[in-house]
Amino acid sequence: MNASVNEKPSFHGAVAEHIRLLNFGRDVASELIEDPRIQKAAAPILLHHDLHKRNIYVLEVGPTTITSIIDWQSSSINPAFMHANDVPDFAAHIPTPDEHYQSEDLPAGDNAELCNQAFIAGVRLLMPKLYATWELDDDIARFFEYCHRTYRDGAGILRQVLMDLANRWKELALAGSCPYPLPTSEEWLAHREEYKALEYAQELKKFVTSRLNTASDGWVPTDAWKETLEDHKKLYNEFLQNMGEEELRKVWPFDKPCSVLAV
C-alpha cells in the first residue's frame, strides 16, 4: 500500500524543526539584505518560472527554431538573487547516483554539457541582471535558493545552508555575527546522517525524472503515459537489484510502480 501523499520520510524533518529553521532563516535574511553585494544582486527581474522542455515548442522539421513558449501563469518579478541557481532542465547537469545504480543506458553527457555551456553564454549576453547574481558566493546564493522552501526540499537542506553560512560568516566579510548558532557535536552527527539521506533522495529524483523525461512532479504527456509507466517500473526494478525495497521506498520520488492500466 502506498503512503499518503502528505506523508514525508523521517529525514524530511519534523514540523517544529521546519518552523525553527525558517525563523532563523528570516533573521539571517534580515542581516544579508543590508550587505551591498546582496543589494547589487537584487535588481528586479521578470522570469518564466517553468521554462522547461515540455513548455517550449519547436518546428518539427527545424528543432532549432522555437515557435512558442507556454505556461506563463506563474511568471513574476522577483529580486534577481532569488534565481541565482535556477537552471532549466534542458541545460542542467544530469546526476548519476552510481553508489546504488549502474547502467550503460545513460543520457548523453556531452550533449548535456553543451546545453549547459550554451545556457550560461546566453544568460551572460542577454540577461546581465541574472548573470550578475552568479558572482555571489555559492553559500549566499544557496541561502536565497532554499530559505523559503523547506516544505519541498526538507529541513536538512536549510540547516546545512545555515551551518555553512555560520561557519564562513567572517570569511565572507558579513557584518556582525550570524544569527544561526553553530551546532553541538551531537547535533552535527545527527544532522550529517539525515542530510546524507536527504541529499541522495534529491539527486535520485533529478536522475529519475531525467531518465523518464518527466516533470519534477511526475507530469507526463498523455501520449507517453503507458510507455513511461513501463519505463518507471523497469527503472524501479533495476534499483531494487542493489537496494532493499524498504530503503528504496524512502527515497524514491514517485509512487511504487504498478501494472500498466488500460486507457
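The model is a predicted one.

**Overall layout**

- The chain holds 10 helices and 4 strands.
- Read from the N terminus, the order of elements is α-α-β-β-β-β-α-α-α-α-α-α-α-α.
- The chain has 263 residues, and 35% of them count as buried.
- Among contacts in the chain with a separation of 6 or more, 71% are between residues 24 or more positions apart.

**Helices α5 and α7**

- In general, the packing of two helices is described by the angle between their axes and the distance between the axes.
- Helix α5 covers residues 138-146 and helix α7 covers residues 155-168; they pack at an angle of about 150 degrees, and their axes are 9 Å apart.
- Angles over 145 degrees count as roughly antiparallel, and α5 and α7 are therefore roughly antiparallel to each other.
- The crossing in which α5 passes α7 is left-handed.
- On the α5 side the contact is made by D139, I140, R142, F143 and Y146, and on the α7 side by I157, L158, V161, L162, D164, L165 and R168.
- By type, the residues of this contact are 8 nonpolar and 4 charged, with no polar ones.

**How α5 is enclosed**

- Helix α5 is largely enclosed by the rest of the structure, because 7 of its 9 residues are buried.
- Those buried residues are D139, I140, A141, F143, F144, E145 and Y146.
- The buried residues of α5 pack against α1, α2 (36-40), α6 (150-153), α7 and α8.

**Nonpolar cores**

- In soluble globular proteins, nonpolar side chains tend to be buried together.
- The largest nonpolar core here has 44 residues, of which V28, L32, F143, Y180, F239 and W252 touch the most other members.
- Two or more residues of this core come from each of α1 (15-32), α5, α7, α8 (185-212), α9 (225-240) and α10 (245-251).
- Another core lies apart from the largest one and has 7 residues, including I45, L47, A91 and L130.

- From V28 to P179 the separation is 151 residues in sequence, while the C-alpha atoms are 5.9 Å apart in space.
- L21 is also found in helix α1.
- L21 counts as buried because its relative accessibility is 0%.
- Leaving aside neighbours within four places in sequence, L21 is in contact with A155, L158, R159, L162 and Y180.
- L21 and L158 are 137 residues apart in sequence, and their C-alpha atoms are 7.1 Å apart in space.

**H191 in helix α8**

- H191 is a residue of helix α8.
- Is H191 buried or exposed? Its relative accessibility is 2%, so H191 counts as buried.
- Residues up to four places away in sequence aside, H191 touches G156, R159, Q160 and M163.

**Loop residues with positive phi**

- Where does A173 lie? A173 is in the loop between α7 and α8.
- The phi of A173 is near 60 degrees, a positive value in a residue other than glycine.
- With a relative accessible area of 56%, A173 is exposed.
- N213 is placed in the loop between α8 and α9.
- Although N213 is not a glycine, its phi is positive, at about 55 degrees.

How values were computed:
Residues numbered from 1 in each chain as written. Predicted model: local features only at pLDDT ≥ 70, side-chain atom pairs only at ≥ 80, totals over all residues. Heavy atoms only, no water. Axes fitted to C-alpha atoms, helices over the stretch in contact; angles between N-to-C directions. Parallel < 35°, antiparallel > 145°, perpendicular 65-115°, else oblique. Left-handed = near helix turned anticlockwise from the far one by under 90°. Contact = heavy atoms within 4.5 Å. Nonpolar A, V, L, I, M, F, W, Y, C, P; charged D, E, K, R; others polar. Core = buried A, V, L, I, M, F, W, Y, C linked by side-chain atoms within 4.5 Å. Buried < 20%, exposed > 50% of the residue type's maximum accessible area, 1.4 Å probe, protein only.
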